[in-house]
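Subject: A structure for you to look through

Hi there,

Here is the structure I promised to pass on. Please open it and keep it beside this message while you read.

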Amino acid sequence: MNLINKKWCKNILVFVTFLIGLITIPSVQTFAGEGTPDWGYGGAANPTQWAELSHDFALCELGRDQSPINIVSAVKEKPTPIFFNYKPTPLVVVNNGHTLQVNYAPGSTITINGEKYTLLQFHFHTPSEHTIGGKAAAMELHLVHRNDAGQLSVVGIMMKEGAANRLINEIWKYIPAVGETKTVSRTINAATFLPKTKTYFSYPGSLTTPPCSEGVRWNVLVEPITVSKEEISIFQKLYQVNARPIQPVNGRVIELHSK
Ligand SMILES: [Zn+2]
């Protein structure tokens, strides 16, 4: 091959590399796959930009009943207890690129006011998304439930730094790579997470991630559980911050349910 041909080949290679770059860079950075825009907590796709990423995410900006919120004052209503009926489930850990999530087998429920909701999954945020009296906890656990009518009810539990949490310790042993799921041949029970006192705040809110759908019943337990510094740092090595900023209350009534 003479010098001219070599130079020509090199130019073609540079041009092809440029074309591949044009084709792949936007699809990798903007889309997580199947046309779902990728959103995040920092950079160009941070929470203030979610509504700009897709028409489907409009509620993230236009919604009036958004979550999370800062819980400052609450109305003490006739207490409506949450009845927890959590059963063991095979441990299935998902690292979905936004959080670590544990999928739950059907059959575990909560009942509020006679309405039964099935536990679908639980996942984590750091720092906590809700704040109580302006204070955030190190992490927040969200137990996501759905009733037969398709309505969601989420139980939020504050996780403050303190003694190690044996269930977290167990789950953290099986963290999969981003985009992957790990199924482990052992069972866990989300009931292990529940604090002694089940006093809670409730309010009507939304998903705290796109598409920010409203009509979600939020139940934030007052009593926190603990998680060790090491356990927090393991999560934060994967997700340094994955909490949506607090949203305006817009006149919503927050109820306190205690015995
Ligand atoms: Zn959540």
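Predicted model: local features only at pLDDT ≥ 70, side-chain atom pairs only at ≥ 80, totals over all residues.

With which residues does Glu-170 form salt bridges? One partner is Lys-173, where the closest N and O atoms are 3.1 Å apart. Another is Arg-186, and there the closest N and O atoms are 2.6 Å apart. Glu-170 sits in helix H4 (residues 166-172), while Arg-186 belongs to strand E11 (residues 180-188), so this pair ties together parts that are 16 residues apart in sequence. Arg-186 has a relative accessible area of 32%, which makes it partly exposed. Taken together, Glu-170, Lys-173 and Arg-186 are linked in a network of salt bridges. As background, side chains of opposite charge can pair when their charged atoms come close.

How many salt bridges does a search of the whole structure find? The search gives three. Besides the two that involve Glu-170, there is one between the side chains of Arg-252 and Asp-65, at 3.9 Å from N to O. This pair links distant parts of the chain, 187 residues apart. Arg-252 is in the loop between helix H5 (229-238) and strand E15 (255-257). Asp-65 is in the loop between helix H3 (59-62) and strand E1 (70-71). Are the two residues buried or exposed, fully or in part? Arg-252 has 11% relative accessibility and counts as buried, whereas Asp-65, at 28%, counts as partly exposed.

Now please turn to the metal. Which residues coordinate the zinc ion? They are His-123 and His-125, each through NE2, and His-142 through ND1, at 2.0 to 2.1 Å. Along the sequence, these donor residues follow the spacing H-x1-H-x16-H. His-123 lies in strand E7 (residues 115-125) and His-142 in strand E9 (residues 139-146), so this pair links distant parts of the chain, 19 residues apart. Both histidines count as buried: His-123 has a relative accessible area of 12%, and His-142 is at 1% relative accessibility.

Enjoy exploring, and write back with any questions!

Best wishes

Key
Residues numbered from 1 in each chain as written. Heavy atoms only, no water. Salt bridge = Lys/Arg side-chain N within 4 Å of Asp/Glu carboxyl O. Helix = DSSP H or I, 4+ residues; strand = E, 2+ residues; numbered from the N terminus. Buried < 20%, exposed > 50% of the residue type's maximum accessible area, 1.4 Å probe, protein only. Donors = N, O, S within 2.8 Å, 3.2 Å for Na, K, Ca; no water.
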